[in-house]
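Hi there,

Here is the structure I promised to pass on. Have a look at it first, and then read my notes below.

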Number of protein chains: 2
Amino acid sequence: MPPKPKKSHPARKRTLRGRFSAPSAEPRLRIICETVGPGKAQLLELLSETCSISESARRMSMSYPRAWALVETLNRTFSRPLVESATGGSRGGGSRLTVTGKLVLQLYHRIHAHSLSATRSDLLKLHRLLKH
Amino acid sequence: MPPKPKKSHPARKRTLRGRFSAPSAEPRLRIICETVGPGKAQLLELLSETCSISESARRMSMSYPRAWALVETLNRTFSRPLVESATGGSRGGGSRLTVTGKLVLQLYHRIHAHSLSATRSDLLKLHRLLKH
C-alpha cells in the first residue's frame, strides 16, 4: 500500500535542492571523486581566481563559515593541504591553492571531461527519456 | 579571519553523511546522470530483484515512505514511468520495473562503468593524494 500523500515535503525539498528543476537542453553529469564534487571543485576554482574565501563564498551564494568548513574538510581529507590561508597583515590575509590543490582541481576537471566524452552517447539516450 | 570553530557540526553531519568516512582501498567515483544517482540506481536494482518497494527499502535501511517518494520522483522525472505498482489482490500488489525502468538502469550502469574505465588513471592519482 502506498503511504498517504503529504501536502508538503519540506524535508525532501531541503535534501534534494535543485536536482529536480526543469531538465536542461544538454545532458548533465555530476561527478564525485572521493570527496570532491562540483561544489568543492567550484570553490577551489574560485579560490584560485580570487585568493579569498569570503569572495568565493559570495560568488557561490554560500555563507562564509560554510565555505571555510569545506576548505577545512578538503585540507583534512588529503595528505597535504589544498588551500593555504595567510592570517593578519595589512590586507587581512588571503587564501591560495597549494601545488596539491592545483593538482586536485586539474584531476577533477579531467575526470569530469573524460567521463563526459566516454559516455556521451548513453547520456544522450538517458536525456531523451526525460520528461521535457 | 577564520570563523570561530564550533564544538559540534550537526548540520554538516546531516548534510554530508557518509562522505567523510575513511578512504577505501579503491578509488571511488559517484555518478549522477540527470537525477539518477547511486541511491536511485540501487533502489531500481533491488526493485527488479524483489518486486517489492518495502523489501527494497528494508535492504537499503531506508524508510518505506522515503523509498516510495524516490520511486514517485523517478516516475515523474521521465516521460514514461520506470516502476509500475499493482495495488490490491491477495498478495497486496507488487512493483516491477517497466521497459523504460530497465533501460534507465542499464544506461546508468553503463555510464558508471565507462566513466570508471575512461578515468581510471586520474582517479588513482587523486586517490593516492588522500590521507590514508
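Predicted model: local features only at pLDDT ≥ 70, side-chain atom pairs only at ≥ 80, totals over all residues.

A:R58 is exposed because its relative accessibility is 56%, and exposed means over 50%. A:E55, at 22%, counts as partly exposed.

The side chains of A:E26 and A:R120 meet at 3.0 Å, N to O. That pair links distant parts of chain A, 94 residues apart: A:E26 is in the loop between α1 (10–15) and β1, while A:R120 belongs to helix α5 (residues 99–128). Both ends are partly exposed, A:E26 with 44% relative accessibility and A:R120 with 37%.

Now for the place where the chains meet. Which residue of chain B forms a salt bridge with A:E34? The partner is B:R28, and the closest N and O atoms are 3.6 Å apart. A:E34 lies in the loop between β1 and α2 (38–50) of chain A and B:R28 in the loop between α1 (10–15) and β1 of chain B, so this pair joins two chains. A:E34 is buried, at 6% relative accessible area, whereas B:R28 is partly exposed at 29%. Between chain B and chain A the count is four salt bridges, and over all chains it comes to 16.

What about the rest of the contact? Each chain brings 46 residues to it. Together they bury about 4700 Å², 64% of it on carbon and sulfur atoms. On the chain B side, B:E34, B:L126 and B:L129 supply 16% of the buried area, more than any other three residues. There are also 14 residue pairs in polar contact across the interface. Among the elements of chain B, β1 (29–33), α4 (64–77) and α5 (99–128) each supply at least two residues of the side that touches chain A, and α5(B) gives the most, with 15 residues. Sorted by class, that side has 24 nonpolar, nine polar and 13 charged residues.

One last thing to find on screen: strand β1 (residues 29–33) of chain A pairs with β1(B) in the antiparallel sense over five bridges. There, A:I31 has B:I31 as its bridge partner.

Cheers

Notes: Residues numbered from 1 in each chain as written. Chains lettered and ligands numbered in written order. Heavy atoms only, no water. Contact = heavy atoms within 4.5 Å. Buried area = accessible area lost by both parts, 1.4 Å probe. Polar contact = N/O pair within 3.5 Å; in protein donor to acceptor, adjacent residues only side chain to side chain. Helix = DSSP H or I, 4+ residues; strand = E, 2+ residues; numbered from the N terminus. Nonpolar A, V, L, I, M, F, W, Y, C, P; charged D, E, K, R; others polar. Pairing = 2+ DSSP bridges. Buried < 20%, exposed > 50% of the residue type's maximum accessible area, 1.4 Å probe, protein only.
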